[in-house]
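The following note sets out points for a colleague who is reading this model. It moves from the chain to the ligand and then to single residues.

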Amino acid sequence: MPKAIVMDEQPGKPGKVYWPLKSITVPLPTPGPNEVVVRILCAALNHRDLFARQKLYRGAAGNIPILADGCGIVVSAGSSDNEKKWQGKRVLIAPARGWNADLRGPEREFAILGGTKQYPDGTCQEFICVPSSQVLACPPHLSDAEAAAIPLAALTAWRATMVKAVVSSGQRVLVTGIGGGVALFALQFAVAAGAEVWVTSGSAEKVARAVELGAKGGVSYKEKDWAQKLLKHTSKGGKSGLFDAVIDGAGGDVITAAVVLLRTGGIVASYGMTVGPKVVFPMPAVMKNIEMRGSTMGSLAELADAVRYISSKRIVPVVDSVHSLPNIEDAFDVMKVGRNFGKIVVRVQQESAKI
Ligand SMILES: NC(=O)c1ccc[n+]([C@@H]2O[C@H](COP(=O)([O-])OP(=O)(O)OC[C@H]3O[C@@H](n4cnc5c(N)ncnc54)[C@H](OP(=O)(O)O)[C@@H]3O)[C@@H](O)[C@H]2O)c1
């Protein structure tokens, strides 16, 4: 029987527990009329998967396959042509349900795959059955691991960068915490759009790697007055070095920094608050007409836009490491200590494995 990785729920307070993982067996799914069954080749981690194990994620629950990102091959399909066309194709699985195309937000109750009660299925298993409307063709220039890195992080970065911050050619943009999966896609999208991109990181080595990917440079968010230091870098030759937008997943002092860095009416697109669940919005930000725009993942239509952009610009997602299924704990350990530069991927099975 096919294998699935689930969390083993343990008693304890949120933040004080770390639910162990266990491997279970599940029946091989059969597709309904509008469904396809995907043999998962690679799955990828997001920060939410770590929060879920710590019981810090809404609806986190045991005995449900974990992870939201997956790439695989369609091995069986429902009866109509719409489903049959996917047979044998390498696909990405949409990481959420309930949000089709509305620019403002989900049309129905929004649920993300992987380890929660809201949608009791996930990609860290050998086979998954999903509606055929929820798969997208894999960009052919990518390996399985690179493709599996796309869904949740690229969608989040796409909406924050291209939809909410409306980044375009010639703009100056800051992407904070560049080591993260979302931040790296934001950098790649903004660079591909022709923007001048700067970054922050806790590590000088990560800034250097971001420069190799097209960033102009960066500073450490651990330094006091990092925003003033960054502005010195961008304001050479008497020219104003102000920014048009900040793409942020950290929170903390981001708005205080934005007051220093942004032009009047500049935009902060906030897709996360790793540092803590609140930010202060001080009066100088109001006086400067700064707009803070919350951004959560995105619609299925936006995912399709992001995947098309990745294909047309031949963007290669940054994969930090690929771990085998039996070594999945190593994958979580990399994320726990924040050592990663890019996405952490799990190889679920080889394409040639027998059903
Ligand atoms: N709203 C959504 O739809 C959505 C979707 C995905 C993720 N998120 C949230 O976005 C955040 C990042 O997610 P991820 O999966 O990309 O995480 P990840 O791959 O684990 O990366 C964690 C990130 O936190 C950064 N960081 C840590 N402390 C920081 C600080 N003081 N200032 C600036 N950056 C700091 C790290 O930067 P360095 O490594 O460069 O130091 C790294 O970029 C998480 O809070 C997550 O919950 C939200």
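1. The model is a predicted one, and the points below should be read accordingly.

2. Asn-63 deserves a look at its backbone. Its phi is positive, about 65°, although the residue is not a glycine. As background, most residues other than glycine have a negative phi.

3. Met-297 also has a positive phi without being a glycine; the value is near 35°. This residue sits in the loop between strand 15 (291-294) and helix 10 (300-312). Is Met-297 buried or exposed? Its relative accessible area is 5%, and because the limit for a buried residue is under 20%, Met-297 counts as buried. Met-297 is also listed among the closest residues to the ligand.

4. The domain assignment divides the protein into domain 1 (3-150 + 317-347) and domain 2 (155-294). Their C-alpha centres are 29 Å apart. Across the boundary, 15 residues of domain 1 make contact with 13 residues of domain 2.

5. Which domains supply the shell around the ligand? Domain 1 and domain 2 each give at least three residues to that shell. In total, 26 residues surround the ligand, and the closest are His-47, Gly-177, Ser-201, Tyr-221 and Met-297. By class, the shell residues comprise 11 nonpolar, 14 polar and one charged.

6. Several side chains place polar atoms by oxygen atoms of the ligand. For His-47, an N or O atom of the side chain is 2.5 Å from a ligand oxygen. For Lys-206, the corresponding distance from a side-chain N or O atom to an oxygen of the ligand is 2.8 Å. Thr-274 likewise has a polar side-chain atom 2.8 Å from an oxygen atom of the ligand. Of the 920 Å² that the ligand exposes when taken alone, the protein buries 83%.

7. Ser-220 belongs to strand 12 (residues 217-220). With a relative accessible area of 19%, Ser-220 is classed as buried because the limit is under 20%. A polar atom of the Ser-220 side chain lies 3.0 Å from the backbone nitrogen of Lys-222. When neighbours within four places in sequence are left aside, Ser-220 is in contact with Ser-201, Gly-202 and Trp-226. Of these contacts, Ser-201 is named among the residues closest to the ligand.

8. Ser-168 lies in the loop between helix 4 and strand 10 (172-175). Apart from neighbours within four places in sequence, Ser-168 is in contact with Ala-193 and Ala-195. Pro-140 is 28 residues away from Ser-168 in sequence, and the C-alpha atoms of the two residues are 26 Å apart in space.

Terms used
Residues are numbered from 1 along each chain as its sequence is written. This is a predicted model: local features need pLDDT of at least 70, side-chain atom pairs count only at pLDDT 80 or more; totals for chains, interfaces and linings use all residues. Side-chain values use heavy atoms; hydrogens and water are left out. Helices (H or I, at least four residues) and strands (E, at least two) are DSSP runs, numbered from the N terminus. Buried means under 20% relative accessible area, exposed over 50%, partly exposed in between (1.4 Å probe, protein chains only). A polar contact is a pair of N or O atoms within 3.5 Å; within protein, one must be able to donate a hydrogen and the other to accept it, and residues adjacent in sequence count only if both atoms are side-chain atoms. Contact means heavy atoms within 4.5 Å. A residue is near a molecule or strand if one of its heavy atoms lies within 4 Å of it. Accessible areas come from the Shrake-Rupley method with a 1.4 Å probe; for residues, only the protein chains shown count as cover. Ala, Val, Leu, Ile, Met, Phe, Trp, Tyr, Cys and Pro count as nonpolar, Asp, Glu, Lys and Arg as charged, and the others, Gly among them, as polar. Domain bounds come from an automatic or database domain assignment.
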